[in-house]
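This report describes selected side-chain contacts and surface features of one protein model. The structure is shown first, and the description follows.

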Amino acid sequence: CWQSADAANRETWSVPAGDVMFGYATTLNAGKLAFFEQSRIDLRQARAVYTASPEGQRPVEFVENPTGAAPATVTFENSTHDYPQRIAYRQTKTGLAATISKLDGTRPTEYAWTRCES
């Protein structure tokens with residue numbers, strides 16, 4: 001379980017079971033649900049695939065791109081998706097961070113979380 005400093009953004013993941021993890025993310029605005037997403041990360045032929053379904057929309061797959069990956073990071077990409085096309089998670093000194101963007105790095109949105117109780 002990870003949450004932002006203001007507790008408005010929260011991301012919760014299951015423990016890995018059979019090469020798959022299930023997760024969900026929520027964003028609160030004034031204490032009310034403003035956004036939710038259901039997710040899955042599973043291994044396929046030695047690469048992780050991140051599948052996201054924001055607000056019940058059709059699932060979108062992002063495939064791990066191990067090329068040039070920095071230590072303690074994982075990057076998922078889907079060049080055919082409108083936005084985001086890249087989701088990059090990285091370990092920080094205080095927790096976990098993520099950046100979503102276009103493949104060329106434009107339109108970045110940053111998230112930062114620390115561990116929370118699930």
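This is a predicted model: local features need pLDDT of at least 70, side-chain atom pairs count only at pLDDT 80 or more; totals for chains, interfaces and linings use all residues.

The bond connects distant parts of the chain, 115 residues apart: Cys1 belongs to the segment before β1 (2-3), and Cys116 to the segment after β10 (109-115).

The S to S distance between Cys1 and Cys116 is 2.0 Å. Both partners are shielded, as Cys1 is buried and Cys116 is buried as well. A search of the whole structure returns one disulfide. In general terms, such a link is a covalent bond between the sulfur atoms of two cysteines.

## Salt bridges around Arg44

The count of salt bridges comes to five. A network of these contacts links Arg40, Asp42, Arg44 and Glu61. Within this group, Asp42 pairs with Arg44, and their closest N and O atoms lie 2.7 Å apart. Arg44 also meets Glu61 in a salt bridge, with an N to O distance of 3.0 Å.

Arg44, with a relative accessible area of 32%, is partly exposed. Glu61 is likewise partly exposed, at 37% relative accessibility.

## The Glu77–Arg86 pair

A further salt bridge joins Glu77 to Arg86, with the closest N and O atoms 2.9 Å apart. Arg86 reaches 23% relative accessibility and so counts as partly exposed. As a general principle, side chains of opposite charge can pair when their charged atoms come close.

## A nonpolar surface patch

Which residues form a nonpolar patch on the surface? The patch consists of Leu28, Leu33 and Phe36, which together have about 260 Å² of accessible area.

Leu33 is located in strand β4, which covers residues 32-44. The relative accessible area of Leu33 is 52%, and this residue is therefore classed as exposed, a class that begins over 50%.

How values were computed. Residues are numbered from 1 along each chain as its sequence is written. Side-chain values use heavy atoms; hydrogens and water are left out. A disulfide is a pair of cysteine sulfur atoms within 2.5 Å. Helices (H or I, at least four residues) and strands (E, at least two) are DSSP runs, numbered from the N terminus. Buried means under 20% relative accessible area, exposed over 50%, partly exposed in between (1.4 Å probe, protein chains only). Patches are made of residues with over 30% relative accessible area and no salt bridge: like charges are joined within 9 Å, nonpolar side chains (Val, Leu, Ile, Met, Phe, Trp, Tyr) within 5 Å. Accessible areas come from the Shrake-Rupley method with a 1.4 Å probe; for residues, only the protein chains shown count as cover. A salt bridge is a side-chain nitrogen of Lys or Arg within 4 Å of a carboxyl oxygen of Asp or Glu.
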